[in-house]
Amino acid sequence: MSDQGRIDGRTKLFGLIATPIGHSLAPTMHNLAFKKLGLNNAYMAFEVGNEELAYVVAGFRALHLKGFNVSMPNKTKIQPLLDEITPAAELIGAVNTVVNENGKLIGHNTDGLGYIGTLTERDVDFVGKKMTLMGAGGAAKAVAIQAALDGIAEISIFNRDITKASDIAALINKETNCRVNAYKLDDLDSLKSEIASSDILTNATGVGMNPLEGQSLIPDTSWLRPELVVSDLIYNPRKTTLLEQAEAVGCKAINGLGMMLWAGSRSFEIWTGKEMPVEHVKKHLF
Ligand code: NAP
């Protein structure tokens, strides 16, 4: 069925503000879900950077948008423009979902919840376990903080810029019961031994996607073992070199599509109070 004629005088607008934006799967995901549930909503992507951000948020307020997503480069800059921020988003220091509750704009962060959602979907037990996390950017921080809040026992973070990894470690050690250590990414001896004592290995760097497609931070498959769960936040390509290495060894290998989907599904729930029809979305999107 075509979407022609679906928008009428009562359609509620939802959106995404980011730049660049053309590659985003979010509009397809949310519009599929709205249509499946018969909700008279529409989701659009808007090319918005830091310069236009304040005007756009004021405009969305004036138009009474029920909700919108926020992505790079606006996830940290949007915070002073909102009325409230959830404790998890405050800790992560970034907002990816905004809901308008009776005129109040409330900022959430569902990225880490998306990661936990994909682990749960793939039957990965992370409570009380140890993760080696490569990367300390925005996505890594959301993953580490949500995993710590939800009961992971230990995380070893490796990053080129050790300051970023140390800052995340200090924050989590202060705010949760999870123990976190920070290492430089080129400390290969530590990387190898931390992976050997971990249950989960996660890549949250851009290594493996364009322009670093075909590369992996793991120099040798002998560093992996079948019991290790290997996840990569990248979903383009669907199978990074790291995930190919993991599959060759017999590990459970998880790409970033699930994180994107489950993060979107949490946003959908926050806005509509309804569960996203995830299987329907998956069938059409993946
Ligand atoms: P970000 O804040 O810019 O962080 C980039 C991270 O990658 C930093 O840790 C950076 O290290 C590291 N990095 C970049 N180039 C590297 C290289 N050549 N060698 C080693 N490390 C390198 O970006 P982000 O938002 O966290 O995104 C990180 C990854 O997660 C991306 O691949 C993105 O596509 C993916 N992601 C997936 C989802 C999802 O839903 N599946 C959501 C968000 C992000 P330095 O700090 O040392 O520069």
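A salt bridge here is a side-chain nitrogen of Lys or Arg within 4 Å of a carboxyl oxygen of Asp or Glu. The model shown is predicted.

**View 1. Arg179 and Glu154 form a salt bridge between two strands.** Their side chains meet at 3.4 Å, N to O. Arg179 sits in strand β9 (residues 179–184) and Glu154 in strand β8 (residues 154–159), so the pair ties together parts 25 residues apart in sequence. Glu154 is buried, at a relative accessible area of 16%.

**View 2. Lys75 pairs with Asp111 in a salt bridge.** The closest N and O atoms are 2.6 Å apart. Lys75 belongs to the loop between β3 (67–70) and β4 (84–85), and Asp111 to helix α4 (residues 111–121); the pair therefore ties together parts 36 residues apart in sequence. Both residues, Lys75 and Asp111, are buried.

View 3. Glu279 is exposed, with 55% relative accessibility. Elsewhere, salt bridges with shared partners join Lys130, Glu154, Arg179 and Glu194 into one network.

**View 4. The ligand is surrounded by 22 residues.** The closest are Ala139, Asn159, Arg160, Lys164 and Leu233. By class, the shell holds 12 nonpolar, seven polar and three charged residues. Helices α5 (138–149) and α9 (257–272) each supply at least two of the shell residues.

View 5. For Gly137 it is 3.4 Å. Taken alone, the ligand exposes 910 Å², and the protein buries 74% of that.

Notes
Residues are numbered from 1 along each chain as its sequence is written. This is a predicted model: local features need pLDDT of at least 70, side-chain atom pairs count only at pLDDT 80 or more; totals for chains, interfaces and linings use all residues. Side-chain values use heavy atoms; hydrogens and water are left out. A residue is near a molecule or strand if one of its heavy atoms lies within 4 Å of it. A polar contact is a pair of N or O atoms within 3.5 Å; within protein, one must be able to donate a hydrogen and the other to accept it, and residues adjacent in sequence count only if both atoms are side-chain atoms. Accessible areas come from the Shrake-Rupley method with a 1.4 Å probe; for residues, only the protein chains shown count as cover. Helices (H or I, at least four residues) and strands (E, at least two) are DSSP runs, numbered from the N terminus. Ala, Val, Leu, Ile, Met, Phe, Trp, Tyr, Cys and Pro count as nonpolar, Asp, Glu, Lys and Arg as charged, and the others, Gly among them, as polar. Buried means under 20% relative accessible area, exposed over 50%, partly exposed in between (1.4 Å probe, protein chains only).
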